[in-house]
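Work through the exercises below with the sequence and the model open. Each task is followed by a solution in steps.

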Amino acid sequence: MISVYRRGGARTPPATPAGRSHDPARKERILTAAADLVSRHGYHAVSMAEIGGAAGITGPGIYRHFASKSAILVALFDEAVDRLLAREVEILREESEPRHALVRLIADQVDFVVADRYLAQVYYSEIHHIPDEDRRRLRRKQRRYIDQWAQLCAEIRPERSHAEVQLTVHSAI
């Protein structure tokens, strides 16, 4: 189950044709179901119908929210990286001491992985299933996140080389 931890602010639901009820939680249920199923069975082993069934809707109903199974992954990954980046900005705004900021970033990363372990597992094992353009865009966002950690590490341990700092950060994350 995807936790509330990574879910950000409110969203404006899409317009719904007259006479149809709108379930604002449906998109979140689809994302949660997809993360759970893909983490347990793998991307290729899970169908849209299975994701829909786990989310409490028909498989074709998913297409009202997502164009494809890879679009579901992109949405999951974007939300995760955006949430981590937003928390990073918040932590850096609140902490002027590099060591304290880094400790909080590490705790936040651990909280994210523990709370959203299915999503973290899917990110690392299935990112190659999304379109190249989306993967490159997500990797750029992830680099911004990692670069801030590296900057803090370099401030704390200025005697370390750039390569050592990068290795330390990648090992931690």
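**Exercise 1: a salt-bridge network**

Asp82 is partly exposed, with a relative accessible area of 37%; buried means under 20%, exposed over 50%, and partly exposed in between, using a 1.4 Å probe and protein chains only. The model is predicted, so local features need pLDDT of at least 70 and side-chain atom pairs count only at pLDDT 80 or more, while totals for chains, interfaces and linings use all residues. Residues are numbered from 1 along each chain as its sequence is written, and side-chain values use heavy atoms, with hydrogens and water left out.

Task: Find the salt-bridge partner of Asp82 and state which helices the pair ties together.

Solution. 
- Step 1. Apply the rule: a side-chain nitrogen of Lys or Arg within 4 Å of a carboxyl oxygen of Asp or Glu.
- Step 2. Lys141 meets the rule, its closest N and O atoms to Asp82 being 2.6 Å apart.
- Step 3. Asp82 lies in helix 3 and Lys141 in helix 6, so the bridge ties together parts that are 59 residues apart in sequence. Helices are DSSP runs (H or I, at least four residues), numbered from the N terminus.
- Step 4. Lys141 is buried, at 12% relative accessible area.

Task: Which residue forms a salt bridge with Arg137?

Solution. 
- Step 1. The partner is Asp78, at 2.6 Å from N to O.
- Step 2. Arg137 belongs to helix 6 and Asp78 to helix 3 (residues 69-94), so this pair also links parts 59 residues apart in sequence.
- Step 3. Arg137 is partly exposed at 25% relative accessibility, whereas Asp78 is buried at 15%.
- Step 4. A network of salt bridges links Asp78, Asp82, Asp134, Arg137 and Lys141.

**Exercise 2: the fold**

Task: How many helices and strands does the protein have, and what share of its residues is buried?

Solution. 
- Step 1. The protein has seven helices and zero strands.
- Step 2. Its pattern along the sequence is α-α-α-α-α-α-α.
- Step 3. Of the 173 residues, 44% are buried.

Note on methods: Helix = DSSP H or I, 4+ residues; strand = E, 2+ residues; numbered from the N terminus.
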